[in-house]
Amino acid sequence: QVQLVESGGGLVQPGGSLRLSCTASGIMFGIYFMAWYRQAPGKQRELVAQITSGGLTNYIDSVKGRFTISRDNAKNTVYLQMNSLKPEDTAVYYCNSQSTGDWGQGTQVTVSS
């Protein structure tokens, strides 16, 4: 049974930072592509960043230079370091195993003064 458990969300002021973590179980994590998505109220879920099994990364334009996706295969964990946060980054962030189609439960990120 695949489980993806996210943590690290919260309330932060504009310009602040947060690091999200997603720990996987039940999958061969090291060979899978992983991703972070987000869904803001009233909007469709969108891909934020993805990382291949070999560590290659891809980002949507709006987070380039501010967000960094990384992975620690020894810990079965993928991270999303978010810097210079903006109010428009407010959303529920979801971890996704792109190779298996599994999702985490989501973690709320709120950027507000």
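Helices (H or I, at least four residues) and strands (E, at least two) are taken here as DSSP runs and are numbered from the N terminus. The structure is a predicted model, in which local features need a pLDDT of at least 70 and side-chain atom pairs count only at pLDDT 80 or more, whereas totals for chains, interfaces and linings use all residues. Residues are numbered from 1 along each chain as its sequence is written, and side-chain values use heavy atoms, with hydrogens and water left out.

With these terms, the loop between E5 and strand E6 (57–59) is the place of Thr-52. Thr-52 is buried because its relative accessible area is 18%, where buried stands for under 20% relative accessible area, exposed for over 50%, and partly exposed for what lies in between (1.4 Å probe, protein chains only). When residues up to four places away in sequence are not counted, Thr-52 touches Tyr-32, Phe-33 and Arg-71, a contact being defined by heavy atoms within 4.5 Å.

The protein chain as a whole contains zero helices and 11 strands, and from the N terminus on its elements therefore read β-β-β-β-β-β-β-β-β-β-β under the definition used here. Its radius of gyration, which is taken over C-alpha atoms and compared with a globule rule of 2.2 Å times the number of residues to the power 0.38, is 13 Å, and this agrees with the value near 13 Å that a compact globule of 113 residues would have. Along the principal axes, the C-alpha atoms of the protein chain fill a box of roughly 40 × 25 × 25 Å. Of the 113 residues in the protein chain, 41% are buried, and among the contacts between residues at least 6 apart in sequence, 54% join residues at least 24 apart.

The accessible surface of the protein chain comes to about 5,800 Å², and carbon and sulfur atoms account for 48% of this surface; accessible areas come from the Shrake-Rupley method with a 1.4 Å probe, and for residues only the protein chains shown count as cover. The protein chain carries 9 positive and 7 negative side chains, and the centres of the two sets lie 3 Å apart. In this count Lys and Arg are positive and Asp and Glu negative, while His and the chain ends are not counted, and the place of a charge is taken as NZ of Lys, CZ of Arg, CG of Asp or CD of Glu.

The interior can be described through its nonpolar core, a term for a set of buried Ala, Val, Leu, Ile, Met, Phe, Trp, Tyr and Cys residues joined through side-chain atoms within 4.5 Å. The largest nonpolar core has 28 residues, and those with the most contacts inside it are Trp-36, Phe-67, Ile-69, Val-78, Leu-80, Met-82 and Tyr-93. Two or more residues of this core are given by each of several elements, among them E3, strand E4 (34–39), strand E7 (67–72) and strand E8 (77–82), and E3 provides the largest share, four residues. With neighbours within four places in sequence left aside, the contacts of Val-78 include Leu-20, Cys-22, Phe-29, Met-34, Trp-36, Ile-51, Ile-69 and Cys-95.

Ser-97, which lies in strand E9, is buried because its relative accessibility is 0%. Ser-97 and Gln-3 are 94 residues apart in sequence, and their C-alpha atoms are 9.9 Å apart in space.

Gln-13 lies in the loop between strand E2 (10–12) and strand E3 (18–25) and is exposed, because its relative accessible area is 54%. The C-alpha atoms of Gln-13 and Thr-110 are separated by 8.3 Å, although the two residues are 97 apart along the chain. Thr-110 lies in strand E11, counts as partly exposed at 25% relative accessibility, and touches Gly-10, Leu-11, Val-12 and Thr-90 when residues up to four places away in sequence are not counted.

Backbone angles form a last topic. Most residues other than glycine have a negative phi. Asn-76 counts as partly exposed at 25% relative accessibility, and Ser-84 counts as partly exposed at 40%.
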